[in-house]
Amino acid sequence: MIAETGLAKVIAAGGGLISCVALLAGVAGGAQRAALSARPDQLAVAVCAYTGGRAAPTASGGLDQARQLGLTSRQAANAKAIIDVAAELGLPERAAVIGVATALQESELDESVVGDHGRAFGLMQQHPEYGWGSREQVTDPRYAARAFFSRLAKVEGWAGKPLTVVAQAVQRSAHPDAYAKHEARAGQIVTALTTSTTGPRDDVPKSGDDHADLRNSIEAAAALGMPLEVLVDEVAANLGGSDADRERAKEIVTSVARDLCDELSAADLAGPDLASVSARGLEAVRAALAMRGIPYSWGGGGPNGPSYGIGRGARTKGFDCSGLTEYAWAKAGMRIGTTTYEQWRAGARVPRAQIQPGDLLFYETDPSIPGPDHVGIAIDSTRMVHAPFTGSTVRIDTWAGVPSRERQFAGAVRPS
């Protein structure tokens with residue numbers, strides 16, 4: 001079937017890694033792909049069926065370990081980019097730990113985050129106006145890491161100083177003590193991802209165009225009902241055709257498919273239980289995820305989207321926690337109230353073991369105030385999307401297994 005599309009000729013001609021699959025995107029450019037693309041839930045099932053809702057295992061299990069630490073495949077890839085750049089620059093593992101910890105604090109390892117009122121971008125929230133590079137550059141994980149490490153190396157005695165001191169010397173953050181809390185987790189991530197491969201990979205799609213081409217081909221293959229193993233075969237052939245090349249090709253295709261699965265189905269929703277998940281809950285999750293990177297604004301946001309807040313949020317257009325949840329559920333066709341206190345009473349209590357995508361997760365962060373004062377939206381059994389605090393943006397965080405959040409967890413509500 002692939003030979004009939006001309007892909008074999010591309011490979012024989014010595015095309016690049018992605019050229020062998022890019023043509024497939026055009027094959028599904030008609031009504032069949034359009035019909036499935038118009039139904040994200042069905043497309044999610046088709047794409048996620050390939051990954052089985054799980055990341056592809058690696059020889060050493062490094063990616064699996066990273067996911068156990070609460071990372072999506074996208075976050076793991078960004079962490080790996082930081083680790084690889086540190087190694088390429090000849091820096092010790094300590095530098096990678098500092099880099100990953102900084103990215104955890106600044107962006108939760110999400111290169112798409114926009115902060116500081118639209119002036120800071122990327123993994124490290126670097127400001128173009130301060131000489132870090134253009135917006136396009138600083139949102140590239142490898143560029144951001146290289147820029148970070150170039151300034152890190154200029155900090156005298158950095159290797160022997162506390163992480164938070166070094167990170168602050170590079171970043172000049174408004175929250176200089178915030179980096180230290182990520183040190184232990186960053187160390188675990190570096191250990192897990194350093195052992196996941198034996199060396200830097202030059203065959204991974206690095207440019208945005210390459211990544212987009214492969215994503216398009218995966219979506220097209222799913223729409224056509226074509227097994228993604230066909231793409232694996234084609235990528236493997238272009239890498240050299242050995243058994244090792246095929247394993248690497250499977251890792252590449254599965255990683256990109258996994259990212260697409262995360263975005264289409266709000267991460268790990270596809271599978272046998274997808275039909276039992278509330279359609280409105282999924283819609284609320286998708287609406288909230290689409291707001292990632294929007295600044296936190298105290299008192300801001302509502303059913304119509306981000307807005308200027310009140311008090312310390314008066315000059316910032318964005319969302320506070322309940323403004324985001326109100327917006328997301330309004331997009332799903334339901335009014336749940338404006339404040340956390342109203343939303344706490346907007347539906348039925350849900351046992352922790354039965355939490356589904358879209359359920360509201362409540363926290364009591366201030367014991368002096370009765371009732372929950374923070375709310376997020378469950379993405380799955382471990383992650384939520386929320387607007388955390390002033391200075392942050394709408395983002396994904398892990399809610400299950402995090403000690404501080406476990407202590408503050410007040411309960412879950414399913415709007416009805």
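Mentor: Start with burial. Buried means under 20% relative accessible area, exposed means over 50%, and partly exposed lies in between (1.4 Å probe, protein chains only). This is a predicted model: local features need pLDDT of at least 70, side-chain atom pairs count only at pLDDT 80 or more, and totals for chains, interfaces and linings use all residues. Residues are numbered from 1 along each chain as its sequence is written, and side-chain values use heavy atoms, with hydrogens and water left out.

Trainee: What percentage of the residues of the protein count as buried?

Mentor: Helices (H or I, at least four residues) and strands (E, at least two) are DSSP runs, numbered from the N terminus. The protein has 19 helices and 10 strands. Of its 416 residues, the buried share is 52%.

Trainee: How many salt bridges does a search of the whole structure find?

Mentor: Side chains of opposite charge can pair when their charged atoms come close. A salt bridge needs a side-chain nitrogen of Lys or Arg within 4 Å of a carboxyl oxygen of Asp or Glu. Searching the whole structure gives a count of 12.

Trainee: R146 and E88 meet in a salt bridge; how many residues apart in sequence are the parts that the pair ties together?

Mentor: Their side chains meet at 3.5 Å, N to O. R146 lies in helix α10 (residues 141–152) and E88 in helix α7 (residues 73–88), so the separation in sequence of the parts they tie together is 58 residues.

Trainee: Which residue is linked with E88 and R146 in a network of salt bridges?

Mentor: The pair R146 and E88 is not the whole story. A network of salt bridges joins E88, R146 and R142.

Trainee: Which residue meets R292 in a salt bridge, at 3.3 Å?

Mentor: The partner of R292 is D110, at 3.3 Å from N to O. R292 sits in the loop between α16 (279–289) and β3 (307–308), and its partner in the loop between α8 (93–107) and β1 (114–115), 182 residues apart. R292 is partly exposed at 26%. The buried member of the pair, at 9%, is D110.

Trainee: What is the relative accessible area of D397, which forms a salt bridge with R405?

Mentor: The closest N and O atoms of D397 and R405 are 3.2 Å apart. R405 is buried at 17%. D397 is buried too, at 3%.

Trainee: Which residue in β10 stands opposite L360?

Mentor: L360 belongs to strand β6 (residues 360–363), where L360 and F362 are buried on one side and L361 and Y363 on the other. β6 joins β7 (residues 374–378) through 4 antiparallel bridges, with Y363 opposite H374. It also pairs antiparallel with β10 (residues 409–415) over 4 bridges. There, L360 faces V413.

Trainee: Within what arc do the buried residues of α12 fall?

Mentor: The buried residues in α12 (residues 183–194) are A186, I189, V190, A192 and L193. The arc is that of the directions from the helix axis to the C-beta atoms. Seen down the axis, these residues line one face of the helix, because they fall within an arc of 165°.

Trainee: What distance separates the C-alpha atoms of F149 and G99?

Mentor: F149 is in helix α10 and is buried at 1%. Beyond its neighbours within four places in sequence, its contacts include I82, L89 and G99. F149 and G99 are 50 residues apart along the chain, yet their C-alpha separation is 7.7 Å.

Methods. Pairing = 2+ DSSP bridges. Contact = heavy atoms within 4.5 Å.
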